[in-house]
Amino acid sequence: MKEVNVLVTGAAGQIGYALLTRLASGETFGQDVKVNLNLVEVPQVVSRLEGSRMELEDCGFNTLGTVKNFSDMNEASGDIDWALLVGSIPRGITINGKKIEERADLLKINGGIFTEQGKALGENAKADAKILVVGNPANTNALIGCTHGNNESQTWMAMTALDANRAKAQVANKCNLDISDIKKMTIWGNHSPTMYPDLDNAEIKGESASGWINDQNWIESDFLRIVQQRGKAIIDARGASSATSAANAAIDTVKATIKETPEDDWFSAAVLSDGSYNVPEGLIFGFPLKVDTNGKVSIVKDLPISDYAQEKIDLTTQELLDEKNDIKDLL
Ligand SMILES: NC(=O)c1ccc[n+]([C@@H]2O[C@H](COP(=O)([O-])OP(=O)(O)OC[C@H]3O[C@@H](n4cnc5c(N)ncnc54)[C@H](O)[C@@H]3O)[C@@H](O)[C@H]2O)c1
């Protein structure tokens, strides 16, 4: 049987709990691949991972390989094919008597974490490792990790698939369609309320989604607001942040990168900008992406961008430039 070595940080958290069985069950990597899991947590809660390990064992998956628990990224990151960096310090936590509310503080605290994690993965993970940052602020965390990973053959991404899935769900509801009828959904920019879900370049049965919907007022008001604010709406309703759908989006991203992207589709994640669409180089930015037969991820080029879309893309670009400025000492 083939094997894949997968590292998950924040593995004892909510998303981690929803993620692990789906990584191990054969659903993600296939029924012919053994999944070895390296689970990483902060030292205070690493013992909880033993409970996750026992549950995974009790699921009885043929595809489950080894499960090892770590609190040290250097030890955990050896020979890793895939790293899902879910762990991060949430807004509102109190550290050294100070409640962390400001974005700049949050960026700096998480920046320290992603500096170390990036170095460990750059030095120890496989040359063709793929790394997906889920922990917020995901794009800027990924930028810090990628910079300190300093390993050009590895691929760093920040997750925007949850936003893309949310956008597809709203369109499917509006048009009474199946989700699978909606293709080529792009989330431009930051995984934050400034992200821009693009219905001009999304397709419904081969036609532009915005043309199919034919209701610009709905697109510019309800649709945009619902997708951009969905995370908050879930927290308000559930009293906790989205975990099942976030884990599902992480699984979708992994699946999207392990096989060639179908001709009639693409997927959404944030990767290091190469200057495409005039996005400044050196930002981790949400783009439409394709994967080739060798597993190489590339940005889909030359899509038309309307003036309205450009305004939205400029906003989210500015937010990422501001975030980058806040952590410039860490780069
Ligand atoms: N990109 C997205 O679409 C998306 C969607 C939902 C949530 N998120 C983010 O995902 C993150 C995790 O969410 P959650 O609901 O699972 O949170 P959670 O608080 O339940 O779990 C986070 C876990 O990370 C661990 N952790 C913190 N620092 C760590 C470190 N340095 N190394 C290893 N583990 C560490 C914590 O101990 C905790 O167990 C949050 O930052 C959340 O904002 C992102």
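Predicted model: local features only at pLDDT ≥ 70, side-chain atom pairs only at ≥ 80, totals over all residues.
Residue numbers start from 1 along each chain, as its sequence is written.

Ala, Val, Leu, Ile, Met, Phe, Trp, Tyr, Cys and Pro count as nonpolar; Asp, Glu, Lys and Arg count as charged; the others, Gly among them, count as polar.

**Domains**

The protein chain is divided into domain 1 (2-158) and domain 2 (161-330). These bounds come from an automatic or database domain assignment. The C-alpha centres of the two domains lie 23 Å apart. Their contact takes 30 residues from domain 1 and 28 residues from domain 2. Two residues are in contact if their C-beta atoms, placed from the backbone, lie within 7 Å. On the side of domain 1 that touches domain 2, at least two residues each come from α1 (14-24), β4 (82-85), α4 (103-124), β7 (130-133), α5 (138-149) and β8 (155-158). α5 supplies the largest share of that side, 7 residues. By class, the side has 19 nonpolar, 7 polar and 4 charged residues.

**Helix packing**

Two packed helices are described by the angle between their axes and the distance between the axes. Axes are lines fitted to C-alpha atoms, for helices over the stretch in contact, and angles run from 0 to 180 degrees between N-to-C directions.

| Helix pair | Angle | Axes apart |
|---|---|---|
| α6 (residues 161-175) and α8 (residues 216-228) | about 135 degrees | 9 Å |
| α4 and α5 | about 35 degrees | 7 Å |

The angle of α6 and α8 makes α6 oblique to α8. Angles under 35 degrees count as roughly parallel, over 145 as roughly antiparallel, 65 to 115 as roughly perpendicular and the rest as oblique. α6 passes α8 in a right-handed crossing. A crossing is left-handed if the near helix is turned anticlockwise from the far one by less than a right angle, and right-handed if clockwise. D163, R166, A167, Q170 and K174 in α6 meet W218, F223, I226 and V227 in α8. The residues of this contact divide into 5 nonpolar, 1 polar and 3 charged.

α4 passes α5 in a right-handed crossing. Residues of the contact include L107, F114 and K119 of α4 and I144, C146 and H148 of α5. By class, the contact of α4 with α5 has 5 nonpolar, 12 polar and 1 charged residues.

**Backbone exceptions**

Most residues other than glycine have a negative phi, and most peptide bonds are trans. The peptide bond from N136 to P137 is cis, with omega near -5 degrees. P137 sits in the loop between β7 and α5. N176 is not a glycine, yet has a positive phi of about 55 degrees. N176 belongs to the loop between α6 and β9 (182-183).

Technical notes
Helix = DSSP H or I, 4+ residues; strand = E, 2+ residues; numbered from the N terminus.
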